[in-house]
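User: I have a new model to look through. Can you walk me through the packing and the overall build?

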Amino acid sequence: MTPHRQAAEEPTGYAAARLRLLHEEPPPGPALRAGLARLTDRWLASLLGGGTQGVALVAVGGYGRGELSPRSDLDVLLLHDGTAGATGIAAVADRVWYPVWDMGLALDHSVRTPAEARRTAAGDLKVHLGLLDARHLAGDPELTARLRTTAYEDWRAQAPARLPELRELCEERARRQGELRFLLEPDLKEARGGLRDATALRAVAASWLADAPREGLEAARTLLLDTRDALHLATGRATDRLALQEQDQVAAGLGLPDADALLRGVYEAAHTVAYAGEVTWREVGRVLKSRSGRPRLRRILGGRGGRGGFVEPERVPLAEGVVEQDGEVVLARTARPDRDPVLPLRAAAAAAQAGLPLSRHAVRRMTVAGPLPVPWPAEAREQLVTLLGAGEPTVAVWEALEAEGIVSRLLPEWEHVRCRPQRNPVHRWTVDRHLVETAVQASALTRRVGRPDLLLVAALLHDMGKGYPGDHSEAGAALVPDIAARLGFDAEDTAVLTTLVRHHLLLAETATRRDLDDPATVRTVTDAVSRTGTLELLHALTEADARATGPAAWSDWRATLVADLVRRAAAALAGEPVADRPEPAPTDEEERLAKEALRTAGPVVVLGAPSDGLVADTVRLTVAVPDRPGILPATAGVLALHRLTVRAADLRAVSGALLLNWRVAAEYGSLPDAARLRGDLVRALDGSLRVEDRLAEREAAYGKRRRGVPHAPPRVTVATGGSHAATVLEVRAQDAPGLLHRIGRALEDAGVWVRSAHVSTLGASVVDAFYVTGVEGAPLAEGEAAVLATALEKALR
């Protein structure tokens, strides 16, 4: 039996003690990590044994910091002075490494002399970072001490070159992993604001060139470590990704009520780390820039820079009490935050308008500013609007205020939405960041409206009701009167803001889910918005909200539909009558297509180019076919097989034929030609093309790619008052190949006539509206409509 195998089988009790510690003793937290590190220290020291000359066992990285998570790697360096020879040091290494491997523990190990460790660190930044946390475990302590001293001396000497390299490493990681506080399944270690960034800040502090803001940073890092501990215990794996399916269990392990509370805490911690990183790297850049420019400055000044050789930095006034210095916005020497409650808003507005960061020192000074009087003075309100209207620079300035609690002092309601997650893949931001991003988008639309101040404030407030019970639009509208009055808006402006918040979803939902030719659709808008100025603001807010949500929430197609709805509603508000829509007479072209379908006893398919106001990626597809059952599901199925996305559809009888007008877009690639579509439609109608089977195969593959991801069940409702001429069914479901085909089949089986369809896809979800009538062409009775909705929902499940 080999020596290392004998060592592994000695009854050290480490495995039992480790198991007891992880499952019976402290909950996830510093005590658990420290206890696990101490236990592992003793075990590894016993494996090295005594009497080993010129050898030291050293913990590095997270283990070196004494922060050993349940499934973390053991980062260990076997340090030696070279006297034992290759064979001797290999035997020592085997004595330590093999028992660790036999335990099934992940081991990140190396064997080096101090000189080799120094050379390796010089060429590998990550190795050097690990050595900054080197901690002696066993053996010769002088070797470890010498290693630490050298590592720190080299780090400080090489900081001007190494810190830019470290910053680029952090930025590259952020580009690859994203920003932790906006991800539904964040990587706690690698994403921006995660544990790697916190470690990088420790390294910056060790350079002595700059230091991170300390307030809250250690608590934030501890929370991220605690979360990772709970994740390791919940999954039994060495993972740093907080997957959706594990979040409830991790929350329970940390004593939190639910996954949302977990995510919100994680987001707040990541925000603290990320903001500390922004401040620190800005300071590093300033220090390195000043160092690089000092020799040239001395040559210019002949070795003197004023009194004592000190050069006074240039200070450029920006606003009352606010100046620019060294590329940051700082307070003037004469500024008195304790006597100027408007100063935080004035400084923030000046910084955003200049596109400059707010100095953290300035923000800290402004925390002593007294509360604004109620209602706010006009200057405070104007400065808020100026800040919100500055565009992209608003984000960084707002977050600087938020990091020190100033935003929540100005707007106490902000605390409710701060770092609040949105469990919707369409949304790419948390609620608070989405509100700021909406203001950024709205700033580009202020020239389109008569009251840009109301647009910008509505953008900031429109989702303030999220997280409250019930409809967030109604909850938010209930908050607006108090907020608007506090900001100093009069009763009329407050009423407009309340309307904008209450109806901020109205235009997008109505335009994409209702028949714009139906007078009831326009009345839905004019009943809610009674003035053209408010309608103008609502139009701009709708676009800003959608653009700030994510790419799936806004497109040329949606923009066209919303603009058309606004145009019709504006005409109605201007006094133009909204008459009941007469059934439009068929055009000459439609009559020709219907006659051709009847003459050939088969479908006629015409695929047009973008025209007639259609957006660039959408084409008109017209199908004429002799009237018979099954046309809608067959046509929808063929379009699905050709990967055509249906954005709208209407159906009507023309001269004994059925005419289907579709607006479609290619899911990807180029459009199929009309002949191929017609050929497949003929086969689908005669039964030789088994559409259901083909779609089922694709849906099975689609499901495999998404297995394990829970989806809400489909829901079908009757939109009361949606139309005077038809019954409107609203279908909300998970998007899937052939969904429209299945809906069409279920409606055909129910024996109703589909007059038109309006399809809206948001990320992985769809909201489709179907205008249906009975066979005689009248809307369904209330009871019939309810029965149909239930049957359709059952069919989709």
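**Packing and overall build**

Analyst: Leaving aside residues up to four places away in sequence, W414 touches W398, E402, V407, S408, D432, L435, V436, L460 and M464. Keep in mind that this is a predicted model.

User: Which residues have the most contacts inside the largest nonpolar core?

Analyst: Those are L358, M366, W398 and W414, in a core of 89 residues. There is also a second, separate core, with 50 residues, including V605 and L658.

User: ok, and what share of the residues is buried?

Analyst: Of 797 residues in the protein chain, 52% count as buried. In soluble globular proteins, nonpolar side chains tend to be buried together.

User: How many disulfides?

Analyst: The count comes to 0.

User: What about C419, buried or exposed?

Analyst: C419 is buried, because its relative accessible area is 2%, under the 20% cut-off. C170 also counts as buried, at 10% relative accessibility.

User: Switching topic. How many helices and strands?

Analyst: The protein chain has 32 helices and 15 strands. Its C-alpha trace spans about 100 × 80 × 50 Å along the principal axes.

User: What part of the contacts comes from residues 24 or more positions apart?

Analyst: They account for 70% of the contacts with a separation of 6 or more.

User: Last one, charges. How many positive and negative side chains?

Analyst: There are 99 positive and 106 negative side chains, and the centres of the two sets lie 5 Å apart.

Definitions and conventions. Residues are numbered from 1 along each chain as its sequence is written. Side-chain values use heavy atoms; hydrogens and water are left out. Helices (H or I, at least four residues) and strands (E, at least two) are DSSP runs, numbered from the N terminus. Buried means under 20% relative accessible area, exposed over 50%, partly exposed in between (1.4 Å probe, protein chains only). Contact means heavy atoms within 4.5 Å. Lys and Arg count as positive and Asp and Glu as negative; His and the chain ends are not counted. The place of a charge is taken as NZ of Lys, CZ of Arg, CG of Asp or CD of Glu. A nonpolar core is a set of buried Ala, Val, Leu, Ile, Met, Phe, Trp, Tyr and Cys residues joined through side-chain atoms within 4.5 Å. A disulfide is a pair of cysteine sulfur atoms within 2.5 Å.
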